[in-house]
Amino acid sequence: MTEVEVRAAHNVLEACAQTETIDKVVFTSSATAVIWRDDRKSITADFDERHWSDINFCRKFKLWHALSKTLAEKTAWALAMDRGVNMVSVNAGFVMSPDLSIKNPYLKGAAEMYEDGVFVTVGLNFLVDAHICIYEDVSSYGRYLCFNHVVNRHEDAVELASMLTPSAPSHPQSFDQDLRIIQQRISSKKLNKLTVDFESRPQLEN
């Protein structure tokens with residue numbers, strides 16, 4: 001999977017570099033290319049676009065989705081910078097699409113993401129709108145973490161689990177269930193600011 005994604009990223013960016021009419025490339029990546037690092041628990045600041053997942057860490061713990069997304073995005077950035085392509089990346093959380101499945105490779109390490117406060121999801125419409133905003137706004141640059149929900153409560157995790165495994169029997173709530181709210185440790189402030197600024201600008205009439 002990693003080799004296929006890296007090759008695809010390279011081929012797409014190479015094709016874009018050879019096409020003079022392309023103004024901007026919006027590359028869809030993943031939040032898993034941001035959050036997986038050996039020192040993730042000791043980082044004091046929130047995870048944001050400046051962080052990258054560690055390739056060796058991903059290999060060690062067989063986080064193949066994170067590994068492929070990280071390598072593919074780095075390949076795309078390297079080629080974009082080398083060929084002068086105007087590229088922006090969208091690092092999306094777990095996409096809440098109609099075809100949700102427990103087999104989605106993003107979910108490898110879900111328990112650790114939850115405990116670390118970095119398990120984020122994004123609605124399909126929100127993700128589409130983010131792509132449009134990032135493409136159309138001339139001020140967009142670099143990477144953008146994209147999510148609109150953080151799974152940081154027990155009830156959130158139970159609700160997501162029931163959506164992923166609808167045929168599994170539901171468990172009644174108990175009074176001694178985990179009532180913690182895990183501290184959120186990931187930020188999408190950069191995208192939030194861009195969308196607010198974009199929506200506040202006057203729109204040209206047709």
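## Surroundings of S89

Leaving aside neighbours within four places in sequence, S89 is in contact with F27, E73, W77, G142, R143 and Y144, where contact means heavy atoms within 4.5 Å. The model is a predicted one, in which local features need pLDDT of at least 70 and side-chain atom pairs count only at pLDDT 80 or more, whereas totals for chains, interfaces and linings use all residues. Residues are numbered from 1 along each chain as its sequence is written, and side-chain values use heavy atoms, with hydrogens and water left out.

S89 lies in strand β2, which covers residues 87-92; helices (H or I, at least four residues) and strands (E, at least two) are DSSP runs numbered from the N terminus. With a relative accessibility of 0%, S89 counts as buried, the classes being buried under 20% relative accessible area, exposed over 50% and partly exposed in between, for a 1.4 Å probe and protein chains only. The S89 side chain also makes a polar contact with the side chain of N91, at 3.3 Å. A polar contact is a pair of N or O atoms within 3.5 Å; within protein, one must be able to donate a hydrogen and the other to accept it, and residues adjacent in sequence count only if both atoms are side-chain atoms.

## Packing of α6 and α8

Helix α6 (residues 124-136) packs against helix α8 (residues 189-200) at an angle of about 70°, with the axes 10 Å apart. This angle makes α6 roughly perpendicular to α8, since angles under 35 degrees count as roughly parallel, over 145 as roughly antiparallel, 65 to 115 as roughly perpendicular and the rest as oblique.

On the α6 side the contact is made by F126, A130, C133, I134 and E136, and on the α8 side by L191, L194, T195 and F198. By class, this contact of α6 with α8 has seven nonpolar residues, one polar and one charged.

## Cysteines

The count of disulfides comes to zero, a disulfide being a pair of cysteine sulfur atoms within 2.5 Å. For C16, the nearest cysteine sulfur is that of C133, 20 Å away, and C16 is buried at a relative accessible area of 14%. For C146, the nearest cysteine sulfur is again that of C133, 9.9 Å away, and C146 is buried at 1%.

## Surroundings of H65

H65 is placed in helix α4, residues 64-83, and is buried, with a relative accessible area of 11%. Leaving aside neighbours within four places in sequence, H65 is in contact with M1, S30, T32, P105 and Y106.

Technical notes
Axes fitted to C-alpha atoms, helices over the stretch in contact; angles between N-to-C directions. Nonpolar A, V, L, I, M, F, W, Y, C, P; charged D, E, K, R; others polar.
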